[in-house]
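Subject: Structure handover

Hello,

Here is the structure I promised to pass on. Please open it and keep it beside this email as you read.

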Amino acid sequence: MIIRKPKVDDAELVRLISLKSRAGAEVLYDRYAMVLLLVIIRIVPEKKEAEAVLEQTFIKVWNSFDVYIRQNGKLLPWMIVIARNLIKDTINGKINLPKMAVKT
């Protein structure tokens, strides 16, 4: 038996995340994890490292969502910027994630 979740539009997703709803976290991850992972893997080819960046990206998105609301932009590009900044910060030694091998 396949259980299908009801479709959540972007406005409802933003509302759910603003409320720190578990449903919002699940929809956010389901909707964007694969796309973000593909973006991250283009820079950080090691799977374990890429997954660590992905995890930290979602944590940062969740914890700084009020910044997104104030900016009133598109959600995916904002999340990609966060992922790229985390990669840069890791490479520059500003945060500690697993050591990264970066494609040049």
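First, the ground rules. This is a predicted model, where local features need pLDDT of at least 70, side-chain atom pairs count only at pLDDT 80 or more, and totals for chains, interfaces and linings use all residues. Residues are numbered from 1 along each chain as its sequence is written, and side-chain values use heavy atoms, with hydrogens and water left out.

**Helix packing**

Helices here are DSSP runs of H or I with at least four residues, numbered from the N terminus.

Start with helix α1 (residues 10-18) and helix α2 (residues 22-43). Their axes lie 8 Å apart, and the two pack at an angle of about 130°. (Axes are lines fitted to C-alpha atoms over the stretch in contact, and angles run from 0 to 180 degrees between N-to-C directions.) That makes α1 oblique to α2. The cut-offs are these: under 35 degrees is roughly parallel, over 145 roughly antiparallel, 65 to 115 roughly perpendicular, and the rest oblique.

The crossing of α1 and α2 is left-handed. Left-handed means that the near helix is turned anticlockwise from the far one by less than a right angle; clockwise is right-handed. On the α1 side, D10, L13, L16 and I17 make the contact; on the α2 side, G24, V27, L28, R31 and Y32 do. Contact means heavy atoms within 4.5 Å. By class, the residues of this α1 with α2 contact are 6 nonpolar, 1 polar and 2 charged. (Ala, Val, Leu, Ile, Met, Phe, Trp, Tyr, Cys and Pro count as nonpolar; Asp, Glu, Lys and Arg as charged; the others, Gly among them, as polar.)

Now take α2 and α5. Their axes come within 10 Å and cross at roughly 45°. That makes α2 oblique to α5. The crossing is right-handed. From α2, the contact uses L28, Y32, V35, L36, V39, I40 and I43; from α5, it uses L75, L76, M79, I80, A83, R84 and I87. The contact of α2 with α5 has 13 nonpolar, no polar and 1 charged residues.

**Aromatic rings**

A pair of aromatic rings is described by the distance of the centres and the angle of the planes. Rings of Phe, Tyr and Trp (its six-membered ring) pair if their centres lie within 6.5 Å; planes under 30 degrees apart are stacked, over 60 edge-to-face, and the rest tilted. The count comes to 4 aromatic pairs.

Look at F65 and W78. Their ring centres are 6.1 Å apart and their planes stand at 75°, so the pair is edge-to-face. F65 sits in helix α4 (residues 65-71) and W78 in helix α5 (residues 75-91), 13 residues apart.

Next, Y68 and W78. Here the centres are 5.2 Å apart and the planes are at 40°, so this pair is tilted. Y68 lies in helix α4 and W78 in helix α5, 10 residues apart. Ring pairs link F65, Y68 and W78 into a cluster.

Is W78 buried or exposed? At 11% relative accessibility, W78 counts as buried. Buried means under 20% relative accessible area, exposed over 50%, and partly exposed in between (1.4 Å probe, protein chains only). Y68 is buried too, at 9%.

**Single residues**

S64 lies in the loop between α3 (47-63) and α4. At 16% relative accessibility, S64 counts as buried. Leaving aside neighbours within four places in sequence, S64 is in contact with W78 and I82.

L38 lies in helix α2. At 52% relative accessibility, L38 counts as exposed.

Best wishes
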